[in-house]
Amino acid sequence: MACVLGIETATPLLSVAIVGPEGLRAERAAFGERLHSVRLFPFIEELLRDAGTHLEDLNGIAVSQGPGSFTGLRLGVVTAKTLAQVCALPVIGIPTLLALAAPLLSGGIPVCPVIISRSDEVYAAAYAAADPEATLLVAPFAAPPAEAAQKFASLAKLLLTGEGAWAFREVFTEILGERALFAPKVFNYPRATTVAFLGRQRLARGAAVTPFDLLPEYLRLPAIKGRRGT
């Protein structure tokens, strides 16, 4: 049965994980986006040691594909592509917003993941609840928080999750009122465990690609140097 390495570098919480048929085998995580490039490869080495396995023993590599931090996405995708090429493994790109929403989709109401894009914008989407296919009700987009809230206005009730949901909670509450619920802050960031789990599912469905075909999904052009998200 497939064993997959998951890499999550799209947000300030860096994490890597290995998931197999028995579930989670090992995970490493640390907060602090500026240290992602320093921590990523040591974390992967420690992770493999903790799981008692080697890269060449894996069946695939799943990586958070975006949207998110431009620098973080480039780091994660390039790392996944490089390791996959060296070890002749397939890769699976997982939408970052899906990775953020997935742990909450069994709750019975649509889940709306929200990631801070820069000081005046968020990345967001809406996923149908209790749907194994994670059907999109609102496709991923980048917009100011008030505009994002308006895009969710047709939903009778929704569960907002992510750092962006809490950062702009007043905006969402003002526009959506009591329809807007907020997930606990422990769910603020996507985790590599979820990325690996979703990657394992897609690998089983034959949805993996070659390293050459994997690209980040930015949703918008990079901001000028010095702005958040670059």
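Mentor: Start with two terms. Two strands count as paired if DSSP finds at least two bridges between them. Strands (E, at least two residues) and helices (H or I, at least four) are DSSP runs, numbered from the N terminus. This is a predicted model, in which local features need pLDDT of at least 70 and side-chain atom pairs count only at pLDDT 80 or more, while totals for chains, interfaces and linings use all residues. Residues are numbered from 1 along each chain as its sequence is written, and side-chain values use heavy atoms, with hydrogens and water left out.

Trainee: OK, sheets. What is the order of strands in the sheet with β9?

Mentor: The order is β8-β7-β6-β9-β10, an open sheet of five strands with mixed pairing. At its edges stand β8 (136–143) and β10 (180–182), each with a single partner strand, so one side of each has no neighbour in the sheet. From one strand to the next, the twist averages 25 degrees; angles run from 0 to 180 degrees between N-to-C directions, and axes are lines fitted to C-alpha atoms, for helices over the stretch in contact.

Trainee: Which way do β9 and β10 pair, parallel or antiparallel?

Mentor: Parallel, over three bridges. Leu160 is opposite Phe182 in β10. β6 and β9 also pair in the parallel sense, over three bridges, and there Cys112 is opposite Leu160 in β9.

Trainee: And β7 with β8, parallel or antiparallel?

Mentor: β7 (residues 121–127) and β8 run antiparallel, joined by five bridges. Tyr127 has Leu136 in β8 as its bridge partner.

Trainee: Are the faces of β9 covered or open?

Mentor: Both are covered. Leu158 and Leu160 on one side, and Leu159 and Thr161 on the other, are all buried. Buried means under 20% relative accessible area, exposed means over 50%, and partly exposed is in between, with a 1.4 Å probe and protein chains only.

Trainee: Which helix lies across β9?

Mentor: Helix α6 (residues 169–176) lies across β6 (111–118), β9 (158–161) and β10, and runs at about 150 degrees to β10. Contact here means heavy atoms within 4.5 Å.

Trainee: Next sheet. What is the order of strands around β1?

Mentor: That one is β3-β2-β1-β4-β5, again an open sheet of five strands with mixed pairing. Its edge strands, β3 and β5 (91–95), each pair on one side only. The twist averages 20 degrees from one strand to the next. Eight bridges pair β2 (residues 13–20) with β3 in the antiparallel sense, and Ala17 has Glu27 in β3 as its partner. Helix α2 lies across β1 (4–8), β4 (60–66) and β5, at about 160 degrees to β4.

Trainee: Changing topic: how many salt bridges are there?

Mentor: Four in the whole structure. The rule is a side-chain nitrogen of Lys or Arg within 4 Å of a carboxyl oxygen of Asp or Glu. One of them is Arg28 with Glu46, where the closest N and O atoms are 2.8 Å apart. Arg28 is in strand β3 (residues 23–31) and Glu46 in helix α1 (residues 36–51), 18 residues apart.

Trainee: What else does Arg28 form a salt bridge with?

Mentor: Asp50, with the closest N and O atoms 3.0 Å apart. Asp50 is in helix α1 and Arg28 in strand β3, so this pair ties together parts 22 residues apart in sequence. Shared partners join Arg28, Glu46 and Asp50 into one network. Arg28 is partly exposed, at 27% relative accessible area, and Asp50 is partly exposed at 43%.

Trainee: How many aromatic pairs?

Mentor: Four, from a search of the whole structure. Rings of Phe, Tyr and Trp (its six-membered ring) pair if their centres lie within 6.5 Å; planes under 30 degrees apart are stacked, over 60 edge-to-face, and the rest tilted. Phe70 and Tyr218 have ring centres 5.0 Å apart and planes at 45 degrees, so that pair is tilted. Phe70 is in helix α2 (residues 70–87) and Tyr218 in the segment after α7 (192–204), 148 residues apart in sequence. Phe70 is buried at 1% relative accessibility, whereas Tyr218 is partly exposed at 25%.
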